[in-house]
Amino acid sequence: MLETLKIKNLAVIDTAEIPFEPGLNILSGETGAGKSIILEAVSLLLGSRASASWIRSGCDEAIVEGIFRLEELPEIQSRLSSLGFQEQENRELLIKRTVHRSGKHRITINGELATLQNLQALGSGLIELCSQHEHQSLLKPQTQLELLDRYGKLDAIRSRYASAWNQLRALESQLTMIREAESSRLKRLDFLRFQIDELQAAKLQPGEENELQQEKALLQSAQSRSQLIHEIQAMLEGDESQSALQLLQRSTQKLLELSTLDERTLSLSSAIDRALAEVEDVSLSLQRYSRSIDADPDRLEGVQERLATLADLRRKYGEDSTQMLVTLKKLQEELSELEQAEATAETLDSEICQQKSITQELARQLSEGRAKVAQQLSKEVTRELHELNMPDARFQVQVRFFGLDLENYTSSGADEVEFLIQTNRGEVSQAIGKIASGGELSRLMLAIRQRIAGQSAIGVYLFDEIDSGMGGQTAFQVGKKLKSVARHHQVLCITHLPQVASFADHHLVVRKMTQGDRTLTEVHALTSKSKKEELARMLAGATLTKKSLENAQELLDLAQAI
């Protein structure tokens, strides 16, 4: 319940602290006294958009605070935790909204900064506004559907259906994306296969380019190398008079002769022997190397063609053979994924077929539940309307099931719900928007709220002039119904009718006054005496008379008796 509403610098309200009690809280006052400001303050607490135009003239900011008791609202307590706010030990909820002229507005929940989205999420189910504007929402099919489901406590089956429907839509969306991409997928598949074939046909080997370049260089230098070997061999083994081997051999003989004359030269003879052996080895190695030189022009042509092929692939797929092999692996992986897309589409088709069956079955169960509770709600609201001085009225909730046609399914189900009413005997029932007047809509709204009051988890109902256009006995019956709703929920009701106000458990009056050159609005809780005087004013005007006071007391007595 809403325990206290504090308002500062909002429109013509300077400062107000309004206490509310369990049961039926009535707010009355002259037209233009500022009752709508209280409604606006409550709307701000529920997350309505803030406007700097609401700030009192001459002030920089307006502040609205609401203190709520949550003992009987476990859903709100759970929502607080899910939104990340600390739950108070005393089960209180403090919402504070600051509207600044600069546009830098602030919201706090239990002392912690919050976003507008946080506030709107928390406000759902905290207070429900029932105003002339809300009457118009009653004409909307979606509102009628929501009211029917709330009355029938169909949240569980509706949630299961919505989950199935959302899953079906997600699967269909995924399949649509695959189908829409089919043409480009096929083109990409062809291109990938071409690239993979091209790389695989090359039979790439890591590092082979370096080896080929080296082989190419050797093949191209075969003639030059052969010429150089010939020249070297000529120097080593050519003309005997000039051959390095002959010269070394003669030098060896001469040193041997010298060593016989002087033993100290033996070491020189040994050195010449070693040099001779080395030169002979070099000569033999050159002969072997000469025989190994490959001057095959066909092989050279093949190597050059292979290098040209690798150069062409390198421009497309990577800097070298190793990088091209990495590219080949990536292309093969992408090809595999795209080839699996067709299998994925087939799997999705199967899943969608199964999910359609699940969705249709849940839609059928939900529709059956709605049809059942529609009959109950029709009877109960009709009975309520009779008690609200509409004796010939007949209310009917019509539920039309779309059957297996999934095209018409929505997240709310597979039903079209319409509220019909017959206001006069002999007339045909029609949609409530076609034949119901403003006053009849008000009574219909109240009758529906009366029937769903015990079924919903709403903390507070705020009725704003729901009794507009009524009077006399009808207004008295409205007060009686409001009192009945207040047995289950705290009710705040803004009214001009004394018949309604007479049922108040707690009566507040909104008064406008002038202080200097400023207009102020104040809210006062009434005592038993002042309550009677306020009812007399509502009955007969500002001048209280003995008769108006007697009539006011009579109203109070009647309400008390009921």
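This is a predicted model: local features need pLDDT of at least 70, side-chain atom pairs count only at pLDDT 80 or more; totals for chains, interfaces and linings use all residues.

Q: At what angle do the axes of α5 and α13 cross, and within what distance do they come?
A: Two packed helices are described by the angle between their axes and the distance between the axes. Here the axis of α5 (residues 141-152) crosses that of α13 at roughly 95 degrees, and the two axes come within 9 Å.

Q: Which residues of α5 meet which residues of α13?
A: On the α5 side, Leu145, Leu148, Asp149, Tyr151 and Gly152 take part, and they meet Arg370, Val373, Ala374, Gln376, Leu377 and Glu380 of α13. Sorted by class, this contact holds six nonpolar, two polar and three charged residues.

Q: Which residues touch the most other members of the largest nonpolar core?
A: That core has 63 residues, and those touching the most other members are Leu138, Leu385, Phe395, Phe419, Ile448, Phe463 and Leu482. Helix α13 (residues 321-387) gives the largest share of this core, eight residues. Apart from it lies another core, of 46 residues, which includes Leu73, Leu80, Leu119 and Leu126.

Q: With which residues is Phe419 in contact, leaving aside its neighbours within four places in sequence?
A: With those neighbours left aside, the contacts of Phe419 include Leu138, Phe395 and Ile448, and also Gln144, Gln396 and Gln430.

Q: Is Gln477 buried or exposed?
A: A residue counts as buried when its relative accessible area is under 20%. Gln477, which is found in helix α16 (residues 472-485), has a value of 12% and is therefore buried. Leaving aside its neighbours within four places in sequence, Gln477 is in contact with Glu387, Leu388 and Asn389.

Q: What is the phi of Asn389, and where is its place?
A: Asn389 has a positive phi of about 60 degrees although it is not a glycine, and its place is in the loop between α13 and β9 (394-401). With a relative accessibility of 33%, Asn389 counts as partly exposed. Asn110, likewise not a glycine, has a positive phi of about 50 degrees; Asn110 lies in the loop between β6 (106-109) and β7 (112-113), and at 12% relative accessibility it counts as buried.

Q: How many helices and strands does the protein chain have, and what percentage of its residues count as buried?
A: The protein chain has 19 helices and 15 strands, and 45% of its 562 residues count as buried.

Key
Residues are numbered from 1 along each chain as its sequence is written. Side-chain values use heavy atoms; hydrogens and water are left out. Helices (H or I, at least four residues) and strands (E, at least two) are DSSP runs, numbered from the N terminus. Buried means under 20% relative accessible area, exposed over 50%, partly exposed in between (1.4 Å probe, protein chains only). A nonpolar core is a set of buried Ala, Val, Leu, Ile, Met, Phe, Trp, Tyr and Cys residues joined through side-chain atoms within 4.5 Å. Contact means heavy atoms within 4.5 Å. Axes are lines fitted to C-alpha atoms, for helices over the stretch in contact, and angles run from 0 to 180 degrees between N-to-C directions. Ala, Val, Leu, Ile, Met, Phe, Trp, Tyr, Cys and Pro count as nonpolar, Asp, Glu, Lys and Arg as charged, and the others, Gly among them, as polar.
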